[in-house]
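Student: Please take a close look at one part of this model, the salt bridges, and go through them pair by pair.

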Amino acid sequence: MKKIPVKQITDGSKLSRDVIYTDGDLLIKEGTILKEVYIPLLEQLSIDSVYIEDDNFNVTEFLISARNQIADLKNIIEQYIYNEESNLKPIQKVCDDVIGNLNANEFDLAILNEELSLYSHSVQVAYLCGKLSQAINLTESDMKDLVMASLLHDIGLRYITTPFIGIDFDEMTPAQVFEFKKHTIYGYTALSKVSWLNEDTLKMILSHHERIDGSGYPLRQRDQDIKCRIIQAVDAYVCGLTGMETVRKESNNIRNSILDYIGGGFDKTVVTKLFEIIDCK
């Protein structure tokens with residue numbers, strides 16, 4: 001799979017991801033064979049890029065490592081959820097592997113195109129949070145706390161029955177929205193029993209949907225430290241791009257909505273550094 005500008009569409013290219021309009025409506029379904037006549041139509045709708053299949057796509061060593069971490073994370077969390085005697089200790093190695101891979105020469109944002117699941121999402125957030133912690137010069141200890149929190153931040157979704165992929169809050173009942181928003185509390189409560197997780201890590205898990213203007217949930221907390229602000233901004237960006245906990249949106253629309261929210265919901269320094277990382281790849 002590769003991302004191309006709409007103007008580079010050629011007859012016969014096969015779409016590898018759905019094309020979604022700004023309001024969340026499906027425009028063109030994954031697997032459609034594209035034609036050049038689509039170009040002006042998509043441009044009129046402000047769709048600037050699409051994903052197509054690429055037989056020559058090179059799976060980098062970075063992506064191979066990331067995929068292994070996704071598989072390991074899934075195995076560890078599934079065992080923890082379904083077996084009370086299991087523990088989360090092995091996740092420490094996944095955390096170390098992510099940090100060890102941050103400086104790979106071929107650090108690859110193609111990880112954001114991986115097949116969406118709770119586990120791929122968690123690893124995606126972990127990598128971008130790790131890169132951001134480097135850019136903002138956090139300590140090694142703070143970086144590890146941030147990556148660990150990223151790997152575990154959505155574990156509470158395993159304790160709810162409401163959907164969390166491609167959802168639209170406007171189409172959910174108030175009861176469903178209320179239940180969904182409790183995943184932050186469920187995750188914090190479950191993981192507070194894990195003795196080796198420190199309070200900073202638990203705080204990030206609880207507050208990853210908080211906003212600095214108090215508009216987030218579950219506690220409407222305004223006073224957040226830099227690590228919490230990093231995971232909040234990264235999670236919002238990755239969710240919008242992939243369709244985790246929301247309707248998937250075009251990259252430019254996500255960027256604009258986050259930039260518009262600077263000073264209200266998101267930290268300006270964090271958001272600026274996040275887009276520097278994304279733009280340089």
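Tutor: What follows goes through the salt bridges of this predicted model. A search of the whole structure finds 12 salt bridges. In one of them, the side chains of E114 and R67 meet, with 2.7 Å from N to O. E114 sits in the loop between α3 (91–101) and α4 (118–135), while R67 belongs to helix α2 (residues 61–82), so this pair ties together parts that are 47 residues apart in sequence. The relative accessibility of E114 is 16%, so E114 counts as buried, the limit being under 20%. R67, with a relative accessible area of 35%, is partly exposed.

Another salt bridge joins the side chains of K227 and D142, at 3.1 Å from N to O. This pair links distant parts of the chain, 85 residues apart: K227 is in helix α9 and D142 is in helix α5 (residues 140–152). K227 is buried, with a relative accessible area of 4%, whereas D142 counts as partly exposed at 23% relative accessibility. Both residues also belong to a network of salt bridges that links D142, D145, D200 and K227.

K182 is partly exposed, with a relative accessible area of 23%.

Note on methods
Residues are numbered from 1 along each chain as its sequence is written. This is a predicted model: local features need pLDDT of at least 70, side-chain atom pairs count only at pLDDT 80 or more; totals for chains, interfaces and linings use all residues. Side-chain values use heavy atoms; hydrogens and water are left out. A salt bridge is a side-chain nitrogen of Lys or Arg within 4 Å of a carboxyl oxygen of Asp or Glu. Helices (H or I, at least four residues) and strands (E, at least two) are DSSP runs, numbered from the N terminus. Buried means under 20% relative accessible area, exposed over 50%, partly exposed in between (1.4 Å probe, protein chains only).
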